[in-house]
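Here is a brief report on charged side chains and how they pair. Look at the model first, then read on.

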Amino acid sequence: MNICFTFNETLVLYGNPLKNSSILAAKTKYYILMGDVVSSSEYDAKVLRSKLKALVEGCNHTMEKKTLSPYTITLGDEFQGISKSLETAIETFFYFEEECLRKEIEFKLHYVLHYGEIETEINKDIAYEMMGPGLTKARKTLSSKKRERKRFEFDLSDKELTEQLTRIFEVLDAIILSWKKEDFPLIISMIESDNNSEVGKKHGKNRDQIWKRRKNLMVNEYNLLKDFILTYIRKT
């Protein structure tokens, strides 16, 4: 008879004591986040790498206590890391998206969040030298060139959760993709503050102008979706 014990996310199997006197297998699942730059060949390679490096370094500084293995650029326009939880992985999405607005970065990132096995020890200093089927599957998804590839891709243990997050992020992305680079500074100000008068002073506009821009750019809708996603994740 086999006995199975589950501790958090680690599965430990014990076999028949007459045949096996030690642990047969111990595999742990993690939230693996990988990303790359959409249509990276359209940008100057040196400039792109510099901006991506700054984004990743800023993320590691801000999200330091929320990652198990820091986000690391693995190839010219690709990065990967291990998040502590689904919630912190989603927070990382929003960090990257809003930092691109803050820094007026024109390129967009494509993300893959996979909940999968890593068989080696987690490297807490850099996201290298780790192996496991979870990393292999996430890499395969990231590298897929299917025509209708979504910018936010999920592959979690819960199929329904995967489908719901895919749908809601597709709606969120439709809003983000409608924004123009020249509006990025104004948009991030409106995301961070709902005080139209204060935002107006910062950008040389009056309160009514900010109200109209907020409405036309669907900033309130963005914030509502963001709040809903984070609340939904916390309750799963």
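Start with a network: salt bridges link Glu-99, Arg-102, Lys-103 and Glu-192. The model shown here is predicted. Its salt bridges number 14 in total. Side chains of opposite charge can pair when their charged atoms come close.

| Salt bridge | N to O distance |
|---|---|
| Lys-66 and Glu-91 | 2.7 Å |
| Arg-139 and Glu-78 | 2.3 Å |
| Lys-226 and Glu-98 | 2.8 Å |

Take the pair of Lys-66 and Glu-91, joined by a salt bridge. Lys-66 sits in the loop between helix H1 (45-62) and strand S4 (67-75), while Glu-91 belongs to helix H2 (residues 86-102), so the bridge ties together parts 25 residues apart in sequence. Lys-66 is partly exposed, at 33% relative accessible area. Glu-91 is buried, at 17%.

Next comes the bridge between Arg-139 and Glu-78. Arg-139 is in helix H3 (residues 133-143) and Glu-78 in strand S5 (residues 78-83); the pair links distant parts of the chain, 61 residues apart. Arg-139 is partly exposed, with a relative accessibility of 23%. Glu-78 has 12% and counts as buried.

Which parts does the pair of Lys-226 and Glu-98 tie together? Their side chains meet in a salt bridge. Lys-226 lies in helix H8 (residues 219-234) and Glu-98 in helix H2, so the pair connects parts that are 128 residues apart in sequence. Lys-226 is buried, at 17% relative accessibility. Glu-98 is buried too, at 9%.

Note on methods: Residues are numbered from 1 along each chain as its sequence is written. This is a predicted model: local features need pLDDT of at least 70, side-chain atom pairs count only at pLDDT 80 or more; totals for chains, interfaces and linings use all residues. Side-chain values use heavy atoms; hydrogens and water are left out. A salt bridge is a side-chain nitrogen of Lys or Arg within 4 Å of a carboxyl oxygen of Asp or Glu. Helices (H or I, at least four residues) and strands (E, at least two) are DSSP runs, numbered from the N terminus. Buried means under 20% relative accessible area, exposed over 50%, partly exposed in between (1.4 Å probe, protein chains only).
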